[in-house]
Amino acid sequence: MHIDVVLAVVGGLGVIVAAISSTMRRLPLSEPLLGLVAGILLGPQLLDAVPITPVTEEHGLFHELARILLAVSVMAVALRYPIAALRRHRRALAVLLLVVMPAMAAISAGLGWALAGLPLAAALLFGAAICPTDPVLASSVVTGEFAERDLPARDRQLLSLESGANDGLALPLVLAAIAVAGPLGAGAAVTESLWQVLGALAVGAIVGAVGGAALRLGARHGATAHGPALLFTVVLALGILGVAGLLHVDGVLAVFVGGLAFNLVGTGAERAAEVEIDEAVNRFVVLPLFFLLGAALPWQQWAQLGWTAPALVVAVLLLRRIPIVLLLRRPLHLPLPDAVYLGWFGPVGVSALFYLTMEAERLGVDDAVLGAGTLVLTASTVAFGLTAAAGRNLYVRAVTGRVDRVQPTRARDRR
C-alpha cells in the first residue's frame with residue numbers, strides 16, 4: 001500500500017513538472033523543492049500517508065537512492081558540455097576542487113562545532129559531508145532556456161563541472177573525518193582514498209571509453225537514435241556504478257569520469273540534441289528521492305537543536321562558500337557579480353545525503369550529525385529553490401542594469 005502511494009504521488013508530481021516545466025524556471029520553485037514539500041505534507045508528521053521511519057534510522061535506503069541519483073546526475077553533467085569546456089576551465093576547476101572544497105569542509109565543521117555543539121570528531125564528519133556542491137540542485141540553476149539566456153556560459157559550465165567532480169573527490173575528506181572519528185587509522189584512510197580515487201579514475205575511463213566506442217559502432221548501423229542513446233547513457237551510468245561497487249572504488253567519481261570518457265570517444269555533433277533529453281531526465285529522476293526525504297525528515301532531532309538550528313542554517317548558507325569564492329575571485333577570473341552568484345548557488349543536496357548516510361553506515365554516528373546535516377540539506381533545497389529565479393534576475397540587473405539580457409543560443413553556447 002505504501003509503495004503504491006509513493007508511486008502514485010511521484011507520477012502525479014511528474015505530470016505537474018511536465019505541465020509547468022517552461023514556467024517553473026520563472027517561479028520560486030524547483031523539482032527537488034516540489035518533491036520535498038509533497039513528502040512533508042504526506043509524511044508521518046501531517047497526513048501520514050507514507051509512514052516511513054526518519055532518515056536518521058533508515059540509513060541504507062537513502063544511501064542507495066542517493067548513490068543512484070548522483071550517478072545519473074553526474075553522467076548528465078559529464079555529457080552536457082564538450083570536452084573542450086573542461087580544458088578551458090581546468091585552472092578554475094583546480095582552485096574550486098583543491099582549495100574551495102577543503103575550505104568549505106573546514107568552515108562547515110567549525111560552524112557545526114561552535115553553533116550545534118557537535119564534538120570535534122562529529123563536527124568533522126558534518127563538515128566533510130556537506131562540503132561538496134550538489135549537481136542535482138545545481139542543475140535547476142544552470143540548465144534551461146532562462147539560465148542559458150541570462151547567465152554566462154562560463155559560470156554555468158564551472159558550477160556544473162565543479163558539482164560533478166567534487167561529489168566524488170569529497171570522499172578523501174570524508175575518509176579523513178572517519179579516521180578521526182572511528183577505528184580507521186590515518187594510514188588506512190590514505191590507502192583507501194588512493195585506492196578509491198585512482199580505481200575510480202581507471203574504472204570510469206575504461207568502461208566509459210568502451211561504452212562510447214560501442215555507441216559509435218552502433219551509430220554506423222543506425223541502431224542508436226536519440227531515445228536509445230539516452231537510455232544507453234543511463235544504463236552505462238548504472239553499470240559503471242555497479243562495477244565500482246564490486247571493486248570498492250568511488251562510484252560517483254567513476255561515473256563522472258566514465259561520462260567524460262564516453263563524451264570524448266563516442267559522441268559528436270549530435271550530442272547537442274541529446275543534452276536536452278539528459279536535462280529532462282535529470283529533472284524527473286529527483287522526484288522520488290526528495291519526496292521520500294520529505295516524509296522521513298528527523299523533526300525530533302531538529303527540535304533538540306533548539307535555537308541553534310536556525311543559527312546553524314543561516315551561518316552555513318552564508319559562510320560555507322560565499323566568502324571563499326569572493327576571496328578567490330581573482331584566481332577564478334570572476335567579476336564581482338559572478339563571484340557572488342557562484343558563491344551563493346553552490347548548494348548542499350543529494351551528495352550531502354550520500355555522505356551522511358555513508359558515515360552512519362560505517363560508524364553508526366550520533367543522530368546529531370545526521371540531524372544537523374539533513375537540516376542544512378533541507379534548508380538548502382528550500383533556499384535555492386526559492387531564490388533561483390530572483391537570483392538570476394538580480395545577477396542580470398547587476399551586470400547590465402536591465403532584465404532582458406540576451407545571451408548566445410544553445411548551439412553557440414556549447415562551442
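**Exercise 1. At what angle do helix α7 and helix α9 pack, and how far apart are their axes?**

Before we start, keep in mind that this is a predicted model.

Step 1: find the two helices. α7 covers residues 135-142, and α9 covers residues 153-169.

Step 2: read off the geometry. The angle is about 170°, and the axes lie 10 Å apart.

Step 3: name the arrangement. Angles over 145 degrees count as roughly antiparallel, so α7 is roughly antiparallel to α9.

Step 4: see who does the touching. α7 brings P135, A138 and V142, while α9 brings R156, L159, S160, S163 and D167. Sorted by class, that contact has four nonpolar, two polar and two charged residues.

**Exercise 2. Work out whether R392 is buried or exposed, and list what it touches.**

Step 1: R392 sits in helix α20, which spans residues 367-400.

Step 2: check its accessibility. Buried means under 20%; R392 has 6% relative accessibility, so it counts as buried.

Step 3: look around it. Skipping residues up to four places away in sequence, R392 touches R25, R26, F146, A147, D150, L151, Y341 and T387.

**Exercise 3. Find which residues touch the most other members of the largest nonpolar core.**

Step 1: pick them out. This core has 130 residues, and F62, F126 and F291 touch the most other members. Helix α20 gives the most to this core, with 12 residues.

Step 2: zoom in on F62. Leaving out neighbours within four places in sequence, F62 contacts I52, V55, L289, L292, L293, A296, L353 and T357.

Notes: Residues numbered from 1 in each chain as written. Predicted model: local features only at pLDDT ≥ 70, side-chain atom pairs only at ≥ 80, totals over all residues. Heavy atoms only, no water. Helix = DSSP H or I, 4+ residues; strand = E, 2+ residues; numbered from the N terminus. Buried < 20%, exposed > 50% of the residue type's maximum accessible area, 1.4 Å probe, protein only. Contact = heavy atoms within 4.5 Å. Core = buried A, V, L, I, M, F, W, Y, C linked by side-chain atoms within 4.5 Å. Axes fitted to C-alpha atoms, helices over the stretch in contact; angles between N-to-C directions. Parallel < 35°, antiparallel > 145°, perpendicular 65-115°, else oblique. Nonpolar A, V, L, I, M, F, W, Y, C, P; charged D, E, K, R; others polar.
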